[in-house]
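The account follows the structure displayed below.

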There are 2 protein chains.
Amino acid sequence: MTSEDARPDGSGRRVTLAEVAERAGVSRSAASFALNGRLDQRLSAETMARVRRAADDLGYRANVTAKTLRTGRSGTVALVSDFVSSTSFANSMVRGALERLREAGLLLFTVDTQGDAEVEQRFLDDLIARDIDGILYASMFTRRVEVPASARRVPLVLMNCEATEGPAVSSVIPDEEQAGAAAAQLLLQAGHDRGIWFVGTFPPGRTGGDAWHAWGPMALPLRLRGLRDALQDAGTDLAGEVAIDDDWDVRNGFAAAQRLLADGVVPRALVCINDAVAIGVGNALRRAGLHVPTDVSLVSFDGGLLAAASDPALVSLRLPQVEIGRRAAELLLEHGEARVERLRMPPTDGASIAPPRD
Amino acid sequence: MTSEDARPDGSGRRVTLAEVAERAGVSRSAASFALNGRLDQRLSAETMARVRRAADDLGYRANVTAKTLRTGRSGTVALVSDFVSSTSFANSMVRGALERLREAGLLLFTVDTQGDAEVEQRFLDDLIARDIDGILYASMFTRRVEVPASARRVPLVLMNCEATEGPAVSSVIPDEEQAGAAAAQLLLQAGHDRGIWFVGTFPPGRTGGDAWHAWGPMALPLRLRGLRDALQDAGTDLAGEVAIDDDWDVRNGFAAAQRLLADGVVPRALVCINDAVAIGVGNALRRAGLHVPTDVSLVSFDGGLLAAASDPALVSLRLPQVEIGRRAAELLLEHGEARVERLRMPPTDGASIAPPRD
């Protein structure tokens, strides 16, 4: 990423990067690094200072953001989310975006609105007044969002959410339906063709956890659809679905599995909506004397810290958070045609799936 | 928090909040809420608009930040950290600060530098140029930091870290030494007086995990000191310390416990440097046929998601992250004498401690 967007100097002549490089006695690319604020390249402080002095002397003004974002003004991008930076569920998206933007010499501000529309509006007004170059609008879990009109006054890409009005706004989301199908295929390949239960639907009348405003996460219907379609393609179906009480956490997974076992069901495989639920399910199975994976296979979604902490480690379809962050940042930098990109959820390297015992 | 810091209008007369309230036909406090951007109070959109119109008509300009921060300029505070928002270890600090500042009508921007001094400097320059009102300077884990000079150009409070030069800069940190002593007391109260091991020291020559720049966390020496002092006060001591290989995670805890057991040691109680290490230790004990807590008691530090996911749930001295965030925000709002505050680490409600078997 080089820049020759210098403004004309007093004489009306456009100062080029090559002239700055020549005056500073460095290569053109070194001059570009020094002036474009690229942070992944190392130049000595002395070299940086020499290039900057040469640029000042010649009246060269790099405008890196004008090349990367059409409205580039300040070299900063804002990540506006509900809960991403203030909870521990989706932080790798921040990291992915941060790293990609840093490669392009841009800084990232993160703000959490905690789902309050009024706070969000204040943030957006404030950010736009501060001439940010673009907005990454993110959700802690995958859902449809109404993007506030003011967010569209600058380049905008959605992370982990989709605009209610469809692909008019660029968006990068995990491919939840593919992940559901992958969960089915992992079990089918191990020889499972019956006694497969799903854990993690909501009770009647509920659309999500209370703490998250009961925003219906897209993960649930899409994972279920991918899972059921793939099982049906193989001539089978789920044995049933187990609802949790109020949220997708360890406690709820534990209680759901205990209810299932109390009903006299001995599942051969359980597909859990996320790792926390799967940990709770695994704890309930162990207390009932059932061993994972020899008695019951477990597969889940998320692929986070909890999947690795489980013993055995969970086979989990991983939310590609770093990749979503990076890709969303790239779409923002490219500022091309609006499009929705779905990124594959790959399985983690766990040991929670085995062939059925009988 | 009310504001009468209106600037003089054209006539030189200072417009008061009471006059705005009277014109809008609302109470003084409702007018204050509407104009000060207090977000925890609800007024109808119609009332908000009427108050704002009255303020505009009279030339009243609220300046809430001037009352809360002496240099108040823009109603925003920046949380500058190494990894807090882009990893999943300390996000509750962001939440605590966010909530407290929001109560005062202030917005919070969060930026992660990933420990790069050059990125940090660019952020600080940028933030200060944008007239932020104050900085919360945070670390993912408790450590000593060199605060960049430029961060001191605005009100500054450290979160989860201490300035190398001591209490000249206000700082809110967990009381790690108290937590170490509490771990000892929990075990002593259950009847443990020997066979107590500590897991989580660094191998010779190492001062921290590679991913975290090997910044020596204060947690290790302080927790160990509190632990040993309390044991010695009770006439006993640690049976020994077990070093991990490279980081405080599940894999390292597992390997450390396996080495200890392979050496023929059957511990009666293990104090683990954090929950992740304790989970790995617990997995290794289970595989060796040892049951927590009847065969071996476990106590750890952090008190996060992993402590609750463990079966049995871990008794863990909880890092008071929300409280640190809230308190640091309060010190910033008060802008009083510099001081270092240590917040107590309370034990979680776990079931991983039992009396020794023999």
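Predicted model: local features only at pLDDT ≥ 70, side-chain atom pairs only at ≥ 80, totals over all residues.

B:D237 is partly exposed, its relative accessible area being 28%. B:R228 also counts as partly exposed, at 26% relative accessibility. In chain A, salt bridges with shared partners link A:R100, A:E103, A:R326, A:R327, A:E330, A:E334, A:R339 and A:E341 into one network. Over all chains, the structure holds 49 salt bridges.

Because A:R327 and A:E330 are three residues apart in helix 12 (residues 321-334) of chain A, about one helical turn separates them. A:R327 has a relative accessibility of 18% and therefore counts as buried, the limit being under 20%. A:E330, with a relative accessible area of 23%, is partly exposed.

A further salt bridge runs between the chains: A:D116 pairs with B:R102, and their closest N and O atoms are 2.8 Å apart. The pair reaches from the loop between strand 2 and helix 6 of chain A, where A:D116 lies, to helix 5 (residues 91-103) of chain B, which holds B:R102. Both A:D116 and B:R102 are buried.

| Salt bridge | N to O distance |
|---|---|
| A:D116 and B:R102 | 2.8 Å |

The interface can next be considered as a whole. The size of an interface is often given as the accessible area lost when the parts come together. Between chain A and chain B the buried area is about 4,200 Å², and carbon and sulfur atoms give 52% of this. On the chain A side, A:F109, A:R122 and A:R130 lose the most area to chain B, together accounting for 16% of what that side buries. The contact draws 48 residues from chain A and 48 residues from chain B.

Across the interface of chain A and chain B there are six salt bridges, and the count of residue pairs in polar contact between the two chains, with both residues at pLDDT 80 or more, is 16. Several elements of chain A each supply at least two residues to the side that touches chain B: helix 5 (91-103), strand 2 (107-112), helix 6 (117-129), helix 10 (275-287) and helix 11 (305-309). Helix 5 of chain A gives the most to this side, with seven residues. Sorted by class, the side of chain A that touches chain B comprises 19 nonpolar, 16 polar and 13 charged residues.

B:T76 is placed in strand 1 (residues 76-81) of chain B and is buried, with a relative accessible area of 0%. Apart from its neighbours within four places in sequence, B:T76 is in contact with A:D126 and A:R130 of chain A, and with B:L106, B:L107, B:F109, B:I132, B:D133 and B:G134 of chain B. B:E22, by contrast, lies in helix 1 (residues 17-24) of chain B and is exposed, with a relative accessible area of 66%. The C-alpha atom of B:E22 is separated by 9.4 Å from that of B:V51, a residue 29 places away along the chain.

The remaining remarks concern the fold of chain A. Chain A contains twelve helices and eleven strands, and 59% of its 358 residues count as buried. Of the contacts in chain A between residues at least 6 apart in sequence, 71% join residues at least 24 apart. Strand 9 (residues 297-302) of chain A is mostly covered, as five of its six residues are buried. Strand 8 (residues 269-272) of chain A pairs with strand 9 of chain A in the parallel sense over three bridges. Within this part of chain A, A:L270 stands opposite A:L298, which belongs to strand 9.

Terms used: Residues numbered from 1 in each chain as written. Chains lettered and ligands numbered in written order. Heavy atoms only, no water. Contact = heavy atoms within 4.5 Å. Buried area = accessible area lost by both parts, 1.4 Å probe. Salt bridge = Lys/Arg side-chain N within 4 Å of Asp/Glu carboxyl O. Polar contact = N/O pair within 3.5 Å; in protein donor to acceptor, adjacent residues only side chain to side chain. Helix = DSSP H or I, 4+ residues; strand = E, 2+ residues; numbered from the N terminus. Nonpolar A, V, L, I, M, F, W, Y, C, P; charged D, E, K, R; others polar. Buried < 20%, exposed > 50% of the residue type's maximum accessible area, 1.4 Å probe, protein only. Pairing = 2+ DSSP bridges.
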